[in-house]
Amino acid sequence: MRKLIRSGTILSMDDRIGVLPRGDVLLERDRILAIGPSLEANGAEVIDAAGCIVLPGLVNAHLHSWQTALRGIGGDWSSADYFRILHAQLGPRFTPEDLRIGTLVGALAQIDAGTTTLFDWCHGNATPEHTDAALEGLLESGIRAVFGHGTVKPAPRPGEPHFSEVPHPAAEIRRLRTGPLASDEARVTLAACILGPDYSTLEVCRADFALAREYGLLSSAHVWGNDNRLQPDGYKALAAEGLIGPDHNLVHGTYLRDDELRVIVDSGVSVTATAAAELRGNAREPLSGRVAALGGAPSIAPDTEVLNGGGMLDCMRFALQAQRIFSNQRTVAALPAGRGAPMERATSGSPIREVTPRHADVLRWATLNNARALRLDHRIGSLTPGKQADLLVVGRDSLNMIGAREPEQALLHFAQAADIRTVLIGGRVVKREGRLLHPGLAALKARLLASGDRLLAETAAG
């Protein structure tokens, strides 16, 4: 019933506990019981973390895992290509089994790479059978997850309304909320992934926000804030009607103006930036830095593996470097015209005197901030007594990690999935000594390949 993680460098992400150069974490059943140096735990199973980094499990705040079988086909696409090819051509060919195997293998890959909680934004679910299959894959994987029930966006047939005029299906939310996802304390919980102000009419926005609140659910929406959005006033109009608050999550938002972003942050809405996906086809700053400057808590995620890698280690690296580029540009732009900062002799001459964000900031984005975006920070996101026992033990003795001194920098720049020795979710070991413990991986891989092959072949055949 008890486990003791012994003698690791602990990155707790809890401000009261901080960083322990050498300490223990005691678990009882599915909870963290205590954290500190040299804990006594007679009879506990001991997991040796000497020389390793111990930290909370990473939280992936936005991923479309149903697309896993089509990894890496769209990295050179434009944004228009993504909608034209993935959603309009490939998406309608997905069967329920395609969603199940994609979600299952995608979630297992997340665990292997250190993610213990996933916001699975499922908008390839054309029927209730698709929804149930995707949910089955999540449940089988063993990951902690928020299952985001979304909707497909088909081109309307003659006489049918455009998807922007169709409210989120209340019957499906009711079915899930009163059935398999009734509990907010379960390992897998429910969210409503709605159209939002970019993709729906104001009347549909009102209905969708009301539906999510009726069932006590987090709502989440894809938003860009560009000139083609259906609601020009966007979140300012929604805020004026009292529709938004901490129970809403916004993803992307790259083109949002400062005044609207201020309303969003002041309303308590969480904002998730997906820098790798966004900068592939857009030339605007991801919202992480802008949200932080307004006093908000930035959230980050990879978005879709059709376009880029889905692991949170890579996501943190990209978010760090991308935000530093934009932060440095702002610093330079603010210098007086014709004058730079005083230059030291025999240096690069850079006017940058403070490098932001820092590694510890970005690690917080990927743990506690992402947990907060999912309204789960009371359960996960930090190594805090009483919270769920979701944590990682990361080795530092591989050729790529050896000699990496500062633990946050070791994680963000050098760690690979193979360095993650142990993963626990709710106190249950799901990866041990670098090996994922889920059975039948070879057969699952074969099914995933067959799924992707069929989808691409059918689409090519027209």
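**View 1. H252 in strand 11 of the predicted model.** In this predicted model, H252 belongs to strand 11, which covers residues 248–252. Because its relative accessibility is 4%, and buried means under 20%, H252 counts as buried. Leaving aside residues up to four places away in sequence, H252 touches H222, V223, W224, T272, T274, E278, L287 and D303.

**View 2. The crossing of helix 11 and helix 12.** Helix 11 is formed by residues 312–333 and helix 12 by residues 359–373, and their axes come within 10 Å and cross at roughly 130°. The two helices are therefore oblique to each other, and helix 11 passes helix 12 in a right-handed crossing. On the side of helix 11 the contact is made by M312, M316, A319, L320, Q323 and R324, while helix 12 contributes H359, V362, L363, W365, A366 and N370. Sorted by class, this contact has 8 nonpolar, 3 polar and 1 charged residues.

**View 3. The cis peptide bond at P357.** In the loop between helix 11 and helix 12 lies P357, and the peptide bond leading from T356 to P357 is cis, with omega near -5°.

View 4. Just after helix 3, G142 takes a positive phi of about 90°.

**View 5. Positive phi at M13 and R29.** M13 is not a glycine, yet its phi is positive, at about 60°; this residue is found in the loop between strand 1 (2–11) and strand 2 (19–28). R29, also a residue other than glycine, has a positive phi near 55° and lies in the loop between strand 2 and strand 3 (31–36). With a relative accessible area of 12%, M13 is buried, whereas R29 is exposed, with a relative accessible area of 57%.

**View 6. K445 in helix 14.** K445 is found in helix 14, which covers residues 441–461, and this residue is exposed, with a relative accessible area of 54%. From C-alpha to C-alpha, K445 and L118 are 20 Å apart in space, and in sequence they are 327 residues apart.

Definitions and conventions:
Residues numbered from 1 in each chain as written. Predicted model: local features only at pLDDT ≥ 70, side-chain atom pairs only at ≥ 80, totals over all residues. Heavy atoms only, no water. Axes fitted to C-alpha atoms, helices over the stretch in contact; angles between N-to-C directions. Helix = DSSP H or I, 4+ residues; strand = E, 2+ residues; numbered from the N terminus. Parallel < 35°, antiparallel > 145°, perpendicular 65-115°, else oblique. Left-handed = near helix turned anticlockwise from the far one by under 90°. Contact = heavy atoms within 4.5 Å. Nonpolar A, V, L, I, M, F, W, Y, C, P; charged D, E, K, R; others polar. Buried < 20%, exposed > 50% of the residue type's maximum accessible area, 1.4 Å probe, protein only.
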